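Reader: I have the file open and would like to go through a few spots. Can we start?

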Amino acid sequence: MTDALALDALALLEADTTLEAAQPILALAAEYLTRTRTGEGPVSTWHSAEVIADRLSERLPRRSRPLSDVARRLSSLLLEDVNRLAHPMYIGHQVSAPLPAAVWTDALISALNQSMAVREMSPSFTPLEHQVIEWMTDLVGWDSRAGGTMTSGGTEATFTALLAARSRAMPDVWTRGVGAHPPVLVCGEHAHYAVSRAAGEMGLGLQHVVVVPSHAHRLSVPALRERLADLRQRGTKVMAVVATAGCTATGTFDDLEAVADACEEFGAPGDPLWLHVDAAHGGAAMLSPAHAHRVRGLARARSVAWDPHKTLLLPLAAGLLLMREEHDLEAAFAQKAPYLFNPNEDARAWDMGPRSFQCSRRADVLKLWVAFERYGADALAALYERLCHMARGLYERLQGHAEFTALHEPESNILCFAWNPPGAPLDERDALTNALRERYNRSGRGWITATTLDGRRVLRITVMNARTDETHIAALVSGLEAEAAYVLKHHR
């Protein structure tokens, strides 16, 4: 019985290897892109999680189905309720409407299934990752000593960078642990939660995260200098300073030159404090002549996190950790694994596993390489500039608006804005804002996010779809106006 089932399963496996067999699944992806990019249909779902869970409630399948039937079930059970990121009215989270060439490459990556842990498991893609990392470190402005690794995203990249900073600050940490008096991390109040999460994961504890207040939604350099001076006076060791290039809430950029100056002043002579820059969202500014000034000083960082799956519009997941000194990254992981890693194989350490938090890892570098090969760096830069231009368009459209107020001038593709419902008490504005966003999103007109900024609940857009243009920005405002009138009328 078991042998017969195995033979049947093997026959199914072989039957699924052809392009004809793949067509039902690939057609779903192509149909989604074709229909959604034109703006047809709702942007997201109005069904609750409970409704969808009830629809999916069934026993584990024990028998096979034709792949065409699986595709039909996939379409009817799930696809109608996805977030349609390719819809030009999706202006929500920092998840891209991905480049089609990279989408198709994802299937190839899965088919080849090369593991990036060691070069013998990915003979061609390991050198490719080294090459693409070299392109990226050249963009930063570093020399041949630089290196890096692909990651699952900015959270892993920041965690790994701070592991390297910890190893430098505490050379025996791998064997002795952090002890009772670990060094501190210094970051701004708008730093990504990855920083405090890393402090907890590494055993430093949140009480060893020194949070510096912001000015105009960016790290206050005078306040940073005050904190560093105080830490020096108290004899507290600083493990790293974290700056942000494109913060999650507002997309603003810290003054990297000024932060780097502070790191030099408060470090040892010739040995600045470790500066990590979280450029997960704003790293694409390096490619853009119009925005490169926002990351001026990036080359003075010791480590940089960047997510091409954000503003380079790649499918998840495609993150990068870039290091000014590649050996710093290797020092972050001190384990020996002779059954896998062989540092004496040749003169160059090709294996990625010794410098990565992950062992089994997809060859996601391939879709980044394909994106550059297909579109070119200049076109990708132009798309980034377009995303930023659309956020700027909303900012300008809201100038003088009776009810909606832009809360900052956009520096990237993110804008936060407040709804000021006429006649509503101040203590009810947060609840009304949440109600407006929920109603607008459920209407199918579009999809936006919200955040808490300076103590109040506000609306937020992130333009992550190159198809979004001025007409969609105008439709966003008119849609919010209509839903706001309804919310306010029924609130009263």
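Reader: What do the buried residues of α9 pack against?
Author: The buried residues of α9 pack against α7 (154-169), β2 (184-188), β3 (209-212) and β6 (238-244). Contact means heavy atoms within 4.5 Å, and buried means under 20% relative accessible area, with exposed over 50% and partly exposed in between, using a 1.4 Å probe and protein chains only. Helices (H or I, at least four residues) and strands (E, at least two) are DSSP runs numbered from the N terminus.

Reader: Before we go on, what kind of model is this?
Author: This is a predicted model, in which local features need pLDDT of at least 70 and side-chain atom pairs count only at pLDDT 80 or more, while totals for chains, interfaces and linings use all residues. Residues are numbered from 1 along each chain as its sequence is written, and side-chain values use heavy atoms, with hydrogens and water left out.

Reader: Fine. Which residues in α9 are buried?
Author: Ala194, Val195, Ala198 and Ala199 are buried in α9, which covers residues 193-201. Seen down the axis of α9, these buried residues fall within an arc of 140 degrees, so they line one face of the helix. The arc is that of the directions from the helix axis to the C-beta atoms.

Reader: Why would residues three or four places apart point the same way?
Author: An α-helix has 3.6 residues a turn, so residues at that spacing point the same way.

Reader: And what follows α9?
Author: Gly203 follows α9, and its phi is positive, near 85 degrees.

Reader: You listed α7. At what angle do α7 and α9 pack?
Author: The angle is about 50 degrees, and the axes of α7 and α9 are 9 Å apart. That makes α7 oblique to α9. Angles under 35 degrees count as roughly parallel, over 145 as roughly antiparallel, 65 to 115 as roughly perpendicular and the rest as oblique. Axes are lines fitted to C-alpha atoms, for helices over the stretch in contact, and angles run from 0 to 180 degrees between N-to-C directions.

Reader: Is the crossing of α7 and α9 left-handed or right-handed?
Author: The crossing of α7 and α9 is right-handed. A crossing is right-handed if the near helix is turned clockwise from the far one by less than a right angle, and left-handed if anticlockwise.

Reader: Which residues make that contact?
Author: From α7 they are Thr155, Thr158, Phe159 and Leu162, and from α9 they are Tyr193, Ala194, Val195, Arg197, Ala198 and Glu201. By class, the contact of α7 with α9 has six nonpolar, two polar and two charged residues. Ala, Val, Leu, Ile, Met, Phe, Trp, Tyr, Cys and Pro count as nonpolar, Asp, Glu, Lys and Arg as charged, and the others, Gly among them, as polar.

Reader: Now α14 and α15. How do they pack?
Author: α14 (residues 429-443) and α15 (residues 470-491) pack at about 125 degrees, with axes 9 Å apart. That makes α14 oblique to α15. The crossing of α14 and α15 is right-handed.

Reader: Which residues of α14 meet α15?
Author: Leu432, Ala435, Leu436, Arg439, Tyr440 and Ser443 of α14 meet residues of α15 including Leu476, Leu480, Glu483 and His491. The residues of the contact of α14 with α15 divide into 10 nonpolar, three polar and two charged.

Reader: What about the peptide bond from Leu316 to Ala317?
Author: That bond, Leu316 to Ala317, is cis, with omega near -5 degrees. Ala317 lies in the loop between β8 and β9 (319-323). Most residues other than glycine have a negative phi, and most peptide bonds are trans.
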